[in-house]
Amino acid sequence: MPAMTQAQYKALVHILDTLVETIREVPDGMPSAHLYAMLMGDMSHDTYEHLIGILVRSGKVTQEGFLLKAVDTAKVTLH
């Protein structure tokens, strides 16, 4: 797979930040299916699951069953 361009990297970080901010809007947690329902016209389920996986592995979001919760107010950084 070719390396990600700077523009692609910035777009990915923006998408991840937007997902965290959207999840944060529901302090008691957002059902993952509700979030995906908002996005399903713009991305596949596989892409959605991949992005949520990045957020969970990075520690920005927790997932308890199907409930997503934002962990803190820090922005997403990818290494």
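Strands E2 and E3 pair in the antiparallel sense over 4 bridges, where two strands count as paired if DSSP finds at least two bridges between them. Helices (H or I, at least four residues) and strands (E, at least two) are DSSP runs, numbered from the N terminus. The structure is a predicted model, in which local features need pLDDT of at least 70 and side-chain atom pairs count only at pLDDT 80 or more, while totals for chains, interfaces and linings use all residues. Residues are numbered from 1 along each chain as its sequence is written, and side-chain values use heavy atoms, with hydrogens and water left out.

The chain holds 3 helices and 3 strands, which follow the pattern α-β-α-α-β-β when read along the sequence. Of the 79 residues in the chain, 32% are buried. Here buried means under 20% relative accessible area, exposed means over 50%, and partly exposed lies in between (1.4 Å probe, protein chains only). Among contacts between residues at least 6 apart in sequence, 54% join residues at least 24 apart; a contact means heavy atoms within 4.5 Å.

Two packed helices are described by the angle between their axes and the distance between the axes. For H1 and H3, the angle is about 75° and the axes are 11 Å apart. This makes H1 roughly perpendicular to H3, on a scale where angles under 35 degrees count as roughly parallel, over 145 as roughly antiparallel, 65 to 115 as roughly perpendicular and the rest as oblique. H1 contributes Leu 12, Ile 15, Leu 16, Leu 19 and Val 20 to the contact, and H3 contributes Leu 51, Ile 54 and Leu 55.

Helix H2 (residues 32–39) shows two faces. Its buried residues are Ser 32, Leu 35, Tyr 36 and Leu 39. They cover an arc of only 95° around the axis, which puts them on the same side of H2; the arc is that of the directions from the helix axis to the C-beta atoms. Ala 33, His 34 and Met 38, on the other side of H2, are exposed. The partners of the buried residues of H2 are helix H1 (6–24), strand E1 (30–31), helix H3 (45–57), strand E2 (61–64) and strand E3 (67–70).

A search of the whole structure finds 1 aromatic pair. The pair is formed by Tyr 36 and Tyr 48 and is tilted, at 5.2 Å centre to centre with 50° between the planes. Rings of Phe, Tyr and Trp (its six-membered ring) pair if their centres lie within 6.5 Å, and planes under 30 degrees apart count as stacked, over 60 as edge-to-face and the rest as tilted. Because Tyr 36 lies in helix H2 and Tyr 48 in helix H3, the pair ties together parts that are 12 residues apart in sequence. Both Tyr 36 and Tyr 48 are buried.

Thr 22 lies in helix H1 and is buried, with a relative accessible area of 19%. Not counting residues up to four places away in sequence, Thr 22 touches Met 30 and Leu 35. Gly 29 sits in the loop between H1 and E1 and counts as buried at 8% relative accessibility. Although Gly 29 and Ala 70 are 41 residues apart in sequence, they are 7.7 Å apart in space, C-alpha to C-alpha. Pro 31, in strand E1, is partly exposed, with a relative accessible area of 31%.

Methods. Axes fitted to C-alpha atoms, helices over the stretch in contact; angles between N-to-C directions.
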